[in-house]
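Morning, everyone. I have one structure to show you today.

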Amino acid sequence: MNTPLVPASTFINGGDFGYARDDGTPTWVALEQLMGRLEGGTALAFASGMAAVAAVFELLPVGAHIVWPDDCYQGVAGVVTAGERQGRWTSRRIPVADTVQWVDAAASADLIWIESPSNPLLSIADLPAIASASRRTGSILAVDNTLATPLNQRPLAVGADISMTSATKFIGGHSDLLCGITVCGDDELATRIAEVRLLHGATPGNLEAYLAVRGLRTLSLRMERAQANAVDLAARLVDHPAVGSVRYPGMPAHPQHELAARLLDGFGTIVSFDVNGGARAADSFLSQVRLIVHATSFGSVESTIERRSAIPGQEHLPAGLVRMNVGIEDVEDLWRDLDQALAV
Ligand code: PLP
């Protein structure tokens, strides 16, 4: 029933596998095959989401131009700004939802990097429109699909070249592994990324790959429950007097709700909202949650919450903005916890 967990670096000559960093192992190849089928391309597994991100940027020649979003994972921002400081490339940031700017910028871009839905502001990019612009100009379009998961969005099917996922999040789903995935529609591009992975040794652990495969078995059930909880909680938060704006692509009031409904098969499990009263009020709220875990990251079975502008590099965000990853708990338990913590 289960994918074997094969903890081997070296295999006896004459079989499908030789040395794990070159050829993989049966466990991580199983993960790649599953992710490849879900995303519709050739998947490569990495030691972490960031290892997968770095492998994509490593494809770029010196002097390349990168176009990337104003809202994305801060680790990606770290890669772009460090490379820019070192004179490896130039870059331009564009608001996630500003399709006209993305389409214009495609003409001069070697790499277009997009995260949609974006994290933590949950903006939606018009991927098909941007993909057709990038096809015309020949730039590489890479999409961070971590928040959507392959169940809600398959970037390659709408014209992206690379779909990247931090499998640490929803794929694993239990806060117990680090793993990253790239999926490419074009085998030549996949081969180039595999070369980077080989040279850098950024390969996944076998236990992590095994756990990620096991996580995939319940991904759809977890997403279904957590998304239903998120829809419900977002609607209740809107009416709460201690809460300002609520960001969730599933709400009709979200500025790109129609686009989200067109592009996504589900609106995700992350709800970001402003606690009235700024940083102090938000921190006091976070100190009162009991069931919801005050912790970073997302995508797991348990609900987690944090104030994003408290994270180094995220100071530009609204001071009272909290990002909640809604888990699979009973929604009434979650609401009781939010309501009592907001009342303090
Ligand atoms: N992309 C997104 C959207 C993320 O949220 C993260 C991690 O938080 C990453 C990439 C990096 O993944 P990892 O932590 O597995 O290296």
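**Cysteines first, then the ligand**

Start with Cys179. The cysteine sulfur closest to that of Cys179 belongs to Cys184, and the gap is 15 Å, too far for a bond. Bear in mind that this is a predicted model. Cys179 is also buried, at 0% relative accessible area.

Now Cys72. Here too the closest cysteine sulfur is in Cys184, this time 19 Å away, and again that is too far for a bond. Cys72 is buried as well, with a relative accessible area of 4%.

A quick reminder: a disulfide covalently joins the sulfur atoms of two cysteines. The cut-off used here is 2.5 Å between the sulfurs.

On to the ligand. Where does it sit? The ligand is in the largest pocket. There are 14 residues around the ligand, and those that come nearest are Met50, Asp144, Ser166, Thr168 and Lys169. Sorted by class, the shell has 5 nonpolar, 6 polar and 3 charged residues.

Asp144 has a side-chain N or O atom 2.6 Å from a nitrogen of the ligand. Ser166 places a polar side-chain atom 2.8 Å from a ligand oxygen. In Thr168, a side-chain N or O atom is 2.6 Å from an oxygen of the ligand. How much of the ligand does the protein bury? Alone, the ligand exposes 390 Å², and 91% of that is buried by the protein.

Note on methods
Residues numbered from 1 in each chain as written. Predicted model: local features only at pLDDT ≥ 70, side-chain atom pairs only at ≥ 80, totals over all residues. Heavy atoms only, no water. Near = heavy atom within 4 Å. Polar contact = N/O pair within 3.5 Å; in protein donor to acceptor, adjacent residues only side chain to side chain. Areas by Shrake-Rupley, 256 points an atom, 1.4 Å probe, with all protein chains shown as cover. 1 Å grid on protein atoms, 1.4 Å probe; cavity = no way out; pocket = protein on both sides within 12 Å on 5 of 7 lines; lining within 4 Å. Sits in = over half its atoms within 2 Å of the grid points. Nonpolar A, V, L, I, M, F, W, Y, C, P; charged D, E, K, R; others polar. Buried < 20%, exposed > 50% of the residue type's maximum accessible area, 1.4 Å probe, protein only.
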